Amino acid sequence: MRYLPKSPAEREKMLADIGAASIDDLFAVIPAEYRLDRDLAVPRQHAESEIIDYFRAAGRKNATNYASFLGAGAYRHYRPVIIDSLVQRGEFLTSYTPYQAEITQGTLQAIFEFQTMIAELTGMDVANASMYDGSTGAAEAVMMAVRVTGRHKAVVASTVHPEYREVLTTYARHQGLPSSLVPYGQETGRVNLEALEAQVTEETAAVLVQSPNFFGVIEDIPAIAQIAHAKGALLIVSIAEAVSLGVVRPPLEADIVSMEAQSFGVALSYGGPFCGVIAAKEQYLRQMPGRLVGQTTDSNGYRGFVLTLATREQHIRREKATSNICTNQALVALMATIFLTVYGKEGIRELAGHNLAKAAYAAKTFAAQPGAKVRFQASPRFHEFVLETQEAPESLSQRLLDGKIVGGVALSRWYPELPNATLWCATEVVTREQIDTAAKVLSAAPVEA
Amino acid sequence: MTNDTTIPQIPAPGPTTTGKVRPHQTQNEALLFEKSSPGKRAYKLPPLDVPPVDPATLLGSEHRKVPGQLPELSEIEIIRHFTRLSTWNYAIDLGMYPLGSCTMKYNPRVNELVARIEGLAEAHPYRPDSLAQGILEVYDLLQRCLLDITGMDAITLQPAAGAHGEFTGILLVRAWHQSQGNPRRRILIPDSAHGTNPATAAICGYTVENLKSNAEGGIDLEALARQVDEETAALMLTNPSTIGVFESQIHKIADILHARGALLYMDGANMNALVGKVRPGDFGVDVMHLNLHKTFSTPHGGGGPGSGPVACKAFLEPFLPIPVLVRNSAPSDPQNLRAPSLHVTSGERVGAPPASPPHPPSVRTDLGFPSFPSVFEQETAERAGSHDSQPGAPGLDSETWESKAPGQLSWDYDRPQSVGRVRAFYGNTGMFIRALAYILANGPDGLRQTTEDAVLNANYIRHGLEDLYELPYKTPSMHEVVFSDKRQAAKGIKTGDIAKRLIDYGFHPYTVSFPLIVHGALMIEPTESESLEELDLFIAAMRSIAKEVEETPELVKSAPHSTRVSRLDEVQAARKPVLRWRPTEE
C-alpha cells in the first residue's frame with residue numbers, strides 16, 4: 001500500500017493513544033448487518049509497472065495509426081509541450097478551489113488571466129472561471145437568460161450541436177422552459193432568418209445559435225441579434241470551436257457567449273474533460289453561473305485576487321443560487337490559458353489561418369471527386385464542411401477505414417434529411433498527403449447501378 | 001475582514017506596476033498582459049503544405065479585423081510566469097490540506113502518466129466504437145469496480161462533477177416517480193447538507209424542504225416520519241454526514257422513506273469513510289453519486305475537473321442518461337445492438353451487478369414497497385445465492401482483467417425511458433483513467449486500509465484537540481471531525497481567524513463555517529494521506545494557536561503573517577468588480 005504513510009506500529013500507537021482496542025472500534029457505529037465482511041471484488045493490488053502496462057495495452061487496443069477528419073465539437077490541434085509541463089506542477093495540480101486567497105494567488109491570478117483572454121477573444125465584457133463543457137454551458141446560458149428576462153421560452157437553431165441541444169432539453173425539462181427549433185436554409189446551412197423571426201416573440205427569453213455552427217458554417221450574428229433584440233430576447237452564441245476566433249469575427253452583438261475551449265490545448269481524451277466557459281455583457285454579471293475571480297488589494301495595499309460575487313453561488317444561496325455548479329474545470333482552463341499565451345495575439349491568427357487553408361484545400365479537393373459535392377458551398381466556413389456523396393456514409397466510412405482513415409461523421413443520425421452527408425474537419429495537424437489520400441478513396445467510389 | 005491589522009500601510013503598487021516592490025521578482029509576477037511586448041513569439045507553425053488563403057477574401061464580413069489582445073511572450077517567460085504563480089499556491093504536495101468534505105488526498109503521479117498515453121488521450125469521441133475498444137474496456141472495468149464498491153446495480157459515468165451527479169441522480173428519481181404516475185413535489189434536505197443539494201433539487205423542479213438535525217447532528221427519525229408524505233420524492237442524505245458521523249439508524253431512514261414511496265439519494269462526498277467497509281447499496285440507498293476527485297484520487301487542479309458517476313438500483317436503470325455502455329454478445333448481429341434487458345440477471349449488460357455479498361443485503365425486501373418492480377425481488381434472490389470471494393472483478397479474468405463476456409463494447413442510444421443526455425459525449429474520460437489506476441494500485445486490501453487510515457487519522461486529531469476546542473457533537477467520528485470556535489469566540493477569535501493563523505504554521509486551513517448546523521465550525525478531514533508526523537505537527541499547531549488566542553489574540557486576528565499577500569479586501573472586490581485586465585488608458 002504504497003500511498004499510505006504509516007507503519008503497522010504507528011497504527012497501533014495511534015489506536016492506543018485514542019483508546020481504541022482495534023480499528024474495528026472506530027467502525028462500531030455501523031450496524032453489523034451492513035458491514036462488508038469480504039474483500040471488494042476489484043482487481044488485486046498492482047505494481048506501478050503493471051498499471052502502466054495495462055493502460056498501454058488499452059491504448060494499443062484503441063487504434064492510433066489512423067488519419068482523422070473528425071471534428072463535430074471535439075477538435076484535434078497541436079498541444080504545445082509546456083502545457084503539460086506546467087499543469088503537472090503539484091502546486092497547480094494538487095491545490096483545491098482557491099477559497100483561501102492568501103495561499104492560492106497562483107491559481108487566482110491564472111484564472112483572472114483566463115477570464116481576460118476569453119473576454120478579449122469573444123468580445124464580451126466579462127467571462128467566468130469555467131463551466132463543465134460547451135454543452136452544459138449552453139444550457140446554463142439559457143437558464144441565465146431566463147433569470148435576466150423573466151421570460152420562459154427559448155428559440156434554438158437546429159444548427160446548434162445536436163448533443164448540446166439534447167443537454168438543453170434535459171436541463172429545461174423541469175424548468176417550465178419550452179424551446180422551439182429553427183430550421184436552417186437548405187442552400188446556406190445557416191439559420192433561416194424568416195423562420196427565426198416568426199418564432200421569436202415577446203415571451204422569448206433567449207435565442208441560442210452556434211457559430212461556426214454544426215455544419216462548420218458561420219452564422220449571420222448581426223442579423224440574428226437584430227431579430228432577437230427586436231423582441232427583447234437575449235442572444236446566446238455557442239462557440240464549439242474556439243480557435244475560430246483567431247480569424248472569425250467575434251459575436252459582438254451577443255448578450256451571452258457560451259464557449260467550449262477544448263481547442264485551446266486540451267487533449268481529445270474521448271470527449272472529456274473539456275472546458276466550458278460563459279462570457280457576457282457586464283450588465284448580466286449578477287445572473288452568471290459559476291465562479292468569478294476579481295482583483296482587489298490586501299491590507300497592505302498590494303494587488304491580489306479573490307473569488308468574488310459568491311452570493312450568486314450554491315454554497316451561499318443554496319436553492320436560490322444561479323446554478324448548482326461547484327467543481328468546475330480549473331486545471332483545464334489553465335491549459336487553455338497557457339495555450340493562448342504560447343500562441344499569443346499573432347499566433348492565434350496564424351493558427352486559425354492554417355486551419356482555414358487546410359479545410360479550404362480539403363473541401364476543394366474532395367468536391368473535385370466524382371459523385372462528391374460540398375453542401376452549403378457559398379456560405380462562409382471555418383475548418384469544417386459538409387460533404388455529400390452518392391455513396392452511402394456507411395460504405396464510404398468502411399472503405400476509408402480500410403485505408404487507415406477516419407472520415408467525416410455521418411449526419412443522418414441527427415439530420416435524417418441529409419442521408420448521404422458527412423461532416424469533415426481539417427485542422428492544422430491534417431496534412432496535404434492525408435487529404436489527397438482520402439480524396440483517392442473518395443474517387444474510387446463504387447459506381448451506382 | 002479587512003484592515004484589521006496594525007501593520008503600517010505601504011503605498012499600493014497599482015495594477016500596472018511591474019517593478020520590484022517585493023524582495024525578489026518571483027514575489028511580484030505581473031499579469032501576462034503587462035509583460036507582453038509586440039513581436040515576441042513562443043510558437044512556430046510548420047510550413048503550410050496547402051495553398052495559402054486570404055481570410056479576408058474567404059470570410060468577407062465574417063473576417064475578424066481586430067485581433068484579441070492576447071499577450072506576446074517568449075517560451076522562457078511563459079514557463080517562469082506560471083512557475084512563479086504556482087509557487088504562490090498551497091498544495092497537497094506541500095503538506096496537509098485538511099479541508100473537510102473535500103477529501104484532499106494524495107494524487108498519484110502514475111495516474112497522470114497513464115491518462116496521457118497516446119492511444120487514450122488522443123481518442124476522438126466520435127471514432128467508431130470498433131476503434132475505441134481500449135478506452136471502452138477502461139470504462140467497463142471502472143464501472144464494475146464502482147458498482148461493487150457501492151453495492152449498486154447500474155451506473156453512468158457521464159456527470160462532470162459531484163453537483164452534476166446530483167442533478168443526474170435527482171433526474172432519475174423524478175423520472176421514476178413520473179413513471180409511477182406522479183413526479184411528486186418535494187425533496188427533503190437536512191440542514192447539515194452541502195449547498196449543492198438544495199441548488200440541485202431546485203434545478204430539477206422540486207421545492208426544498210428543510211429537515212432539522214437531531215441533538216446528535218443526525219437525522220431526526222420522528223421529524224422525518226412526520227415530514228415524509230406522498231409528495232416527497234426523495235431525501236438527499238450525506239452519509240457519513242457533514243459532521244463526519246455515520247447515520248447508525250440508516251436502515252430506519254430508508255424504511256420510513258420507502259414506506260411512503262419516497263427514495264433515498266446519497267451524496268457520496270464522504271465515501272472515503274466507507275469504501276471496503278460498508279456499501280450504500282446494502283443499507284437502503286436507491287441512487288447516489290461518487291466524486292472521483294475526492295474518493296478516487298483524481299486531482300482537484302485548483303477547482304476541477306471533477307467527475308461524478310451516478311450509481312443506482314436496478315429499478316432506476318431504464319432512466320439512466322444516454323448513451324449507456326453495452327456489450328454486444330455478437331457484434332455482427334444488429335439485433336444485439338438493442339438495449340440490454342432490464343433484468344440484471346442477463347449477464348450481458350455492462351455494469352451488471354456483481355456477485356452477491358454473503359450477508360443479507362438491503363432491508364427493503366420486507367418493506368411492502370408496492371411500486372418496486374419485481375426485478376428487485378429477483379435481484380435479491382440472486383444475491384442470496386452463492387458467492388465466492390474472488391480476486392478479480394466480477395466477470396473478469398483475474399489476471400488480464402478482460403471481461404470473460406465475448407463481444408464488443410458499444411454505446412446504446414435506444415433507451416426510451418432515459419432522462420436524456422446530461423452532457424456532450426460520454427464523461428470526463430481522463431478522470432476515469434486516473435480513478436481506475438488508483439483502484440488498481442490499491443486493490444481490495446489497499447482500499448480497505450485506506451478507509452481505515454482515513455478514519456483513524458480523523459479520530460487521532462479529535463483526540464489531540466478535544467480538550468482545547470469545543471466538540472459540539474460527541475457522536476463517534478468517521479473520516480472527519482467538526483469542532484466549533486465557541487471557546488475561542490469568547491475571546492473574539494473566530495474560526496476564520498484560526499484558519500488564517502494555521503497558514504502561518506504551514507498548513508492549509510480546514511473548512512471554515514461549514515456545516516451550517518455548527519456555529520463557527522472547524523471542519524477537519526485529514527484523509528489517509530497524512531503520516532503520524534504530519535498529524536502531530538498539525539495538532540501541535542492547533543494547540544499552539546489555542547494558546548495564542550488566550551495570550552496574543554491580535555496575532556491570530558491579523559494572520560496570516562507569512563504569505564505573499566495579507567488578508568484581501570473581499571468587500572471591495574464585490575462592490576466594484578474588476579474581473580479582467582484592461583489596458584491603461586494613455
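A residue is counted as buried if 20 or more other C-beta atoms lie within 10 Å of its own, and as exposed if 12 or fewer do. The views below show a predicted model.

**View 1. Phe425(B) is a non-glycine residue with a positive phi.** The phi of Phe425(B) is about 60 degrees. This residue sits in the loop that connects strand 9 (409–412) to helix 12 (429–465) of chain B. Phe425(B) counts as buried because it has 24 C-beta neighbours inside 10 Å.

**View 2. Lys404(A) likewise has a positive phi without being a glycine.** Its phi is about 60 degrees. Lys404(A) belongs to the loop between helix 13 (393–402) and strand 13 (405–406) of chain A. Because Lys404(A) has 12 C-beta neighbours inside 10 Å, it counts as exposed.

**View 3. Helix 12 of chain B is kinked at Gly443(B).** The kink is about 95 degrees and comes shortly before the proline Pro444(B). A straight helix of 37 residues would span 54 Å at 1.5 Å a residue, but the end C-alpha atoms of helix 12 of chain B are only 41 Å apart. The helix is mostly covered, with 32 of its 37 residues buried.

**View 4. Chain A and chain B are in contact through residues of both chains.** The contact takes 169 residues from chain A and 192 residues from chain B. On the side of chain B that touches chain A, helix 12 of chain B gives the most, with 23 residues. By class, this side of chain B has 107 nonpolar, 55 polar and 30 charged residues.

**View 5. Strand 5 (residues 263–267) of chain B is mostly covered.** Of its 5 residues, 5 are buried. Leu263(B), Tyr265(B) and Asp267(B) point one way from the strand, whereas Leu264(B) and Met266(B) point the other way. Strand 5 of chain B runs parallel to strand 4 of chain B, to which 5 bridges join it; here Leu237(B) stands opposite Met266(B). Strand 5 of chain B also runs parallel to strand 6 (residues 287–289) of chain B, with 3 bridges between them. In strand 6 of chain B, Val287(B) is the bridge partner of Tyr265(B).

**View 6. A right-handed β-α-β unit is made by strand 4, helix 10 and strand 5 of chain B.** The loop between strand 4 (232–238) and helix 10 (250–259) of chain B contains Pro240(B). A cis peptide bond joins Asn239(B) to Pro240(B), with omega at about -5 degrees.

**View 7. A cis peptide bond joins Gly272(A) and Pro273(A).** Its omega is about 0 degrees. Pro273(A) lies in the loop that links strand 7 (256–260) to strand 8 (276–280) of chain A.

**View 8. An open sheet of 3 strands in chain B has the order 10-12-11.** Its pairing is antiparallel. Strand 10 (481–484) and strand 11 (511–512) of chain B stand at the edges with a single partner strand each, so one side of each is left without a neighbour in the sheet. Strand 11 of chain B pairs with strand 12 (residues 521–524) of chain B over 2 bridges. The bridge partner of Val512(B) in strand 12 of chain B is Leu522(B).

Conventions:
Residues numbered from 1 in each chain as written. Chains lettered and ligands numbered in written order. Predicted model: local features only at pLDDT ≥ 70, side-chain atom pairs only at ≥ 80, totals over all residues. Helix = DSSP H or I, 4+ residues; strand = E, 2+ residues; numbered from the N terminus. Expected span 1.5 Å × (residues − 1). Bend = angle between axes of the 7 residues up to and from the residue. Pairing = 2+ DSSP bridges. Right-handed = clockwise from strand over helix to strand, strands pointing away. Contact = placed C-beta atoms within 7 Å. Nonpolar A, V, L, I, M, F, W, Y, C, P; charged D, E, K, R; others polar.
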